[in-house]
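Welcome, and thanks for taking a look at this one with me. Please keep the viewer open as you read.

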Amino acid sequence: MTVKQFTPDIAITELSSDVQGWSSVDEVVDDCEVKLTLAKKFYSGVSIIRKALRDYQAICKIGSSTGKDSSLCVEMTIEAYAQAIAAGEIDKEHPLIIITSNTLVEHLVYDIYCNYTVKKVKTYAASRGINLHYLLASPGICDSFSVKYFAGDKLLINPTLNSDCTEILKISPSNQALSEFKTAVLTTHQKKLPIIDISGVRDEESANRARNIKKVGATSAFTPEQHVMLATGATQGQKRVKLAPIKEFTTDDVWMYLDMCGTDALDKDRDGIKDALKEDGFQVTSEDGLFPYHLPNASLIRMVYGQG
């Protein structure tokens, strides 16, 4: 009898040096804890917004640049609305307002990305049964940067001369758009409801930004004074309650969220985190995946930021 050696018909490829290393158990555990901590921060923000919707029937207004920070706030707020509607805490016609200001001086690539994102957010919100009103604002011709610059009313933007540009090119057009919307669209009843002004500002961005956040009174959770304002409808005089739900997020937190969001996340190592959140009493998204997102993943925004 002849015995032949069996040789499997497969190609053996040596792994490159950058993928040959193995993570230790401690490293895996630490990574999981970091992700779980981030998930708790995100869903705590969802819970804060949802509670305001339930207790005060507040209307949320988000100023969104469609950048990484404001995108996180948009997803957080949409999730809060979706949960509140599913629980019968607000009705399906309860408005959510998002305002994006086109400064008319952005890079063409960012303009294209912004327009695409607005359409996708609208579609996503509709798929979750949310009455989203997406307003697009821009400065008038006389307030546009080019007219002011060539008329000698404005110097080139730099770190010390940027604040008035924010007011002229973003804040004033957004306030005008909101005022016109409230007059034309909101019902008599809705006009009596408090408005929560949500923004994606973060302390870590800069010392100056942190001071400005404190100056305008934006907080990551509602203070007792803000609860009183919401309960008594004191926002009727345009004094809106300001909420910065990701105020204490780090830049790494924001990018980690973007890596892990969507149904086809860039970072798919999320097993068990959703269950752990449920065990800790968090209401998590009904969507597939750990974090909700208006696209299957955040690869596009990473490319826009030059990190694709």
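This is a predicted model: local features need pLDDT of at least 70, side-chain atom pairs count only at pLDDT 80 or more; totals for chains, interfaces and linings use all residues.

**Salt bridges**

Let's begin with the charged side chains. How many salt bridges does a search of the whole structure find? The search turns up 19.

| Pair | Closest N and O atoms |
|---|---|
| K35 and D269 | 3.8 Å |
| R240 and D197 | 3.4 Å |

Take the pair of K35 and D269 first, with its N and O atoms 3.8 Å apart. K35 sits in helix 1 (residues 25-56), while D269 belongs to the loop between helix 8 and helix 9 (273-279), so this contact ties together parts that are 234 residues apart in sequence. Are the two partners buried or exposed? K35 is buried, because its relative accessibility is 3%, below the cut-off of 20%. D269 is partly exposed, because its relative accessible area is 48%, a value between the 20% and 50% limits.

Now for R240 and D197, which form a salt bridge at 3.4 Å. R240 is found in the loop between helix 7 (224-232) and strand 5 (241-243), and D197 in strand 4 (residues 195-198), so the pair links parts that are 43 residues apart in sequence. Both R240 and D197 are buried. Elsewhere, salt bridges with shared partners connect D31, K35, D267 and D269 in one network.

**A pocket and a cavity**

Next come the spaces a probe can fill. The second largest pocket holds about 180 Å³. Its lining is made up of 13 residues, and those nearest the pocket centre are A82, Q83, A86, R128 and S286. Which helix gives the most to this lining? Helix 2 (residues 68-86) does, with five residues. Sorted by class, the lining of this pocket has five nonpolar, four polar and four charged residues.

The search of the whole structure also finds two cavities of 30 Å³ or more. The largest cavity has a volume of about 50 Å³. Around it are S64, T66, S71, V74, E75, T117, V121, Y134 and H294. Helix 2 and helix 3 (108-127) each bring at least two residues to this lining, and helix 2 has the largest share, with three. By class, the lining of the largest cavity splits into three nonpolar, five polar and one charged residue.

**Helix 8**

Helix 8 (residues 251-260) is mostly covered, with seven of its ten residues buried. The buried residues are D253, V254, W255, M256, Y257, L258 and M260. After the helix comes G262, which has a positive phi near 90 degrees.

Key
Residues are numbered from 1 along each chain as its sequence is written. Side-chain values use heavy atoms; hydrogens and water are left out. Buried means under 20% relative accessible area, exposed over 50%, partly exposed in between (1.4 Å probe, protein chains only). Helices (H or I, at least four residues) and strands (E, at least two) are DSSP runs, numbered from the N terminus. On a 1 Å grid over the protein atoms alone, a cavity is a set of points where a 1.4 Å probe fits but cannot get out, and a pocket is an open set with protein on both sides within 12 Å along at least five of seven lines; lining residues have an atom within 4 Å of a point. Grid points are joined across faces, edges and corners, and a volume is the space filled by probe spheres set on the points. Ala, Val, Leu, Ile, Met, Phe, Trp, Tyr, Cys and Pro count as nonpolar, Asp, Glu, Lys and Arg as charged, and the others, Gly among them, as polar. A salt bridge is a side-chain nitrogen of Lys or Arg within 4 Å of a carboxyl oxygen of Asp or Glu.
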